[in-house]
Amino acid sequence: MIIAILLVAAAALSLVAIVGIAIARSLQVSGAASPTGQIRLLDVEAFRNLADPAEEDYLRHRLPASEFRKVRKARLRALAGYVQTAGKNAAVLVRVGQNAVASSNTATADAARQLIEQALLLRRNAALVLLRIYVDRVWPNSDLAAAPILDRYNRLSGAAMLLGRLQNPAEAVRISVR
Amino acid sequence: MFQRHSFLWHYLWVAPDLLFGVLAIILWKKGWHKKLRGFFFYAGFQAIQCAVLFPLDHVEGISGRTYWRVYLASELLEAVVVFVLISDLFADVFGSYAALARVGKLLIRWAGGLLVIVATVVTAFAPIDRRFWTYGAVNVVQEAMYIIVSGLMLLLFASAAYFSLAWKRTTFGIALGLGITGCVHLATWGLGANGLFKGSTFLDMVDMATTHVVVLMWFYYLLVPARVVARTEGAPLDNNLAVWNRELERLLQQ
């Protein structure tokens with residue numbers, strides 16, 4: 001009896017999730033507006049500082065262990081915020097790229113494909129880094145490797161810029177402050 | 001009206017499978033059976049399964065035991081056909097992106113393995129009447145199959161939404177239909193396998209009505225052309241030219 005109830009509940013929740021995602025996707029397809037307005041600018045320098053292992057080593061040696069753990073937790077929280085935003089920006093850029101990929105201009109279509117691939121890699125890496133950050137928040141003495149996501153984000157900025165330039169030479173899509 | 005062998009019951013059994021047959025023929029005639037290989041086999045299999053099971057249920061000399069044995073064998077075959085279809089859907093959604101092709105394969109492998117374990121544990125608790133085990137086995141096989149199907153379809157939709165992936169209209173329609181039937185059938189077979197609504201046609205009716213609605217939905221997604229949405233670019237964001245030019249140069253030098 002309990003198993004039957006659990007199965008019905010799981011089926012109902014799955015059904016609601018699948019139909020909800022399908023409706024959201026249909027609304028997205030029918031919406032004609034460009035999604036670039038949803039991009040939140042990121043301060044790459046601040047992100048770079050937070051992800052810098054040398055900075056962390058410095059703090060580890062300068063601060064008492066308890067103080068370091070507190071500071072590190074706060075830094076990880078801030079870093080998670082940056083990574084989440086970078087991941088959300090990547091998802092928006094996937095949609096921007098998909099809107100442009102059917103362009104009759106070969107250069108624009110190629111730039112769009114390149115943007116999609118880079119944005120998808122960033123989105124995947126963002127998920128992995130977030131997972132890593134949450135693990136690090138539980139085990140504060142482990143080393144964090146968020147640097148690859150920064151590199152990917154910089155490359156994504158370039159790809160978004162290139163596509164923006166090809167679509168509209170006067171303006172371009174911007175995803176970071178500096 | 002809601003009784004076994006009533007007109008509605010017969011209609012809900014036969015109509016969706018007839019429609020499956022028509023859909024399979026249309027796919028063949030349009031030459032889409034290669035493009036939609038998994039779905040073509042699925043639709044064809046559903047039509048053939050009905051063509052075998054319906055007469056077996058109605059011919060006088062055939063015992064219930066024989067009917068459920070044939071049903072069980074057809075369910076095992078259906079499981080193979082459904083998993084080929086799901087594998088095609090994953091390949092279609094993830095395969096066109098080089099960055100995610102490996103992720104798609106890993107997802108289906110690990111999630112599939114995990115769901116098989118969950119299905120095995122859940123079905124181990126299902127009560128089976130040993131005097132008439134084929135009926136119980138049918139329930140258990142269906143319950144296990146739909147645990148895996150609904151889990152994989154949920155994973156497909158959730159991961160496609162997470163990565164903001166674009167779906168082809170046909171793939172989206174097929175996946176949505178399979179997701180809906182997977183979830184509804186999980187609930188009904190879950191209840192049936194655990195001995196609830198025993199002897200009632202309610203669960204059969206829900207199952208068959210869902211399949212009917214979903215087949216009509218598949219006709220819509222496969223045969224009605226999509227509306228063309230005109231895309232306009234929104235107002236571009238402001239820009240720091242020096243930084244972006246540096247980024248572009250760096251990109252060009254890679």
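Which residues touch the most other members of the largest nonpolar core?

**View 1. The largest nonpolar core of the predicted model.** B:Val149, B:Met153 and B:Leu156 touch the most other members of this core, which has 93 residues. A nonpolar core is a set of buried Ala, Val, Leu, Ile, Met, Phe, Trp, Tyr and Cys residues joined through C-beta atoms within 7 Å; buried residues have 20 or more other C-beta atoms within 10 Å of their own, C-beta atoms being placed from the backbone. Helix α5(B) contributes the most, with 17 residues. The core lies between domain 1 (1–32) and domain 2 (38–167) of chain A, because both give residues to it; these bounds come from an automatic or database domain assignment.

**View 2. Surroundings of B:Leu156.** Apart from neighbours within four places in sequence, B:Leu156 is in contact (C-beta atoms, placed from the backbone, within 7 Å) with B:Leu89, B:Phe90, B:Val93 and B:Ala175.

**View 3. Chain B as a set of helices.** Chain B has 8 helices and 0 strands, as DSSP runs of at least four residues (H or I) and at least two (E), respectively, numbered from the N terminus. Buried residues account for 36% of its 254 residues.

**View 4. Packing of α4(B) on α5(B).** The axes of helix α4 (residues 101–124) and helix α5 (residues 133–162) of chain B lie 9 Å apart, at an angle of about 145°; axes are lines fitted to C-alpha atoms over the stretch in contact, and angles run from 0 to 180 degrees between N-to-C directions. By class, this contact has 14 nonpolar, 4 polar and 1 charged residues, where Ala, Val, Leu, Ile, Met, Phe, Trp, Tyr, Cys and Pro count as nonpolar, Asp, Glu, Lys and Arg as charged, and the others, Gly among them, as polar.

**Notes.** Residues are numbered from 1 along each chain as its sequence is written, and chains are lettered from A and ligands numbered from 1 in the order in which they are written. In this predicted model, local features need pLDDT of at least 70 and side-chain atom pairs count only at pLDDT 80 or more, whereas totals for chains, interfaces and linings use all residues.

Key: A residue is buried if 20 or more other C-beta atoms lie within 10 Å of its own, exposed if 12 or fewer, and partly exposed in between; C-beta atoms are placed from the backbone. Two residues are in contact if their C-beta atoms, placed from the backbone, lie within 7 Å.
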